[in-house]
Amino acid sequence: MTGSVRLPLLFLDVDGPLIPFGATPRQHPDGYPAYEPARGPRPTGSNPLLSRIDPAHGRRLAALPCELVWATTWMDDANECVSPWIGLSRLPVVVWPEPSAIDDQDEREGIHWKTRSLVGWAAGRPFAWVDDEISDIDRAWVSEHHRGRALLHRVDPSRGLVETDYAALNEWMLEIHGL
């Protein structure tokens, strides 16, 4: 791709897509697998849930034709903890605005609290949003308020990102590029 081509954005949540949670004992009778970080030893005093993140996610995410952006309540902690765990460099981070009356309105209408901010951050640029809390209401709102193409991809939080999720993201991004 040439330097003039702007890649689509991929807004990435941590809890759910990267750190699976909420599985039943039937789904994971022995609990979630535990992984070691992609780079170096496990940091001392690190969040114990980090061990649920498969470091292979870093390689898979980096291979997607997009610009990765953290869209998580972890904020810059995602760069301090998660990026090194999965072998990624520092990523841009969406900074969430302080709650406002518009957030109260969005909540009453069933719009996720991240939706409006992500559309604003994208500023018309194509984007994919990977989260475990996306609904059809969010999809409809984005369709109405975002002038670019968008894929709101909901991940099952009990499994996190899996092969079919990566395939769907890659296919959508290649379509954006006309490939």
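A salt bridge is taken here as a side-chain nitrogen of Lys or Arg within 4 Å of a carboxyl oxygen of Asp or Glu. The model is predicted, so that local features need pLDDT of at least 70 and side-chain atom pairs count only at pLDDT 80 or more, while totals for chains, interfaces and linings use all residues. Residues are numbered from 1 along each chain as its sequence is written, and side-chain values use heavy atoms, with hydrogens and water left out.

With helices (H or I, at least four residues) and strands (E, at least two) taken as DSSP runs numbered from the N terminus, the protein has 6 helices and 4 strands, in the order β-α-β-α-α-α-β-α-β-α from the N terminus on.

By the salt-bridge rule the count comes to 10. In one of them, the side chains of Arg 60 and Glu 163 meet at 2.9 Å, N to O; because Arg 60 lies in helix α1 (residues 56-63) and Glu 163 in helix α6 (residues 163-176), the pair ties together parts that are 103 residues apart in sequence. Another joins Arg 125 to Glu 67, with the closest N and O atoms 2.8 Å apart. Of these two residues, Arg 125 is buried, at a relative accessible area of 12%, whereas Glu 67 is partly exposed at 28%, where buried means under 20% relative accessible area, exposed over 50% and partly exposed in between (1.4 Å probe, protein chains only).

Within helix α5 (residues 136-145), Arg 139 and Asp 136 are 3 residues apart, separated by about one helical turn, and their side chains meet in a salt bridge of 3.0 Å, N to O. Here Arg 139 is partly exposed, at 31%, and Asp 136 is exposed, at 60%.
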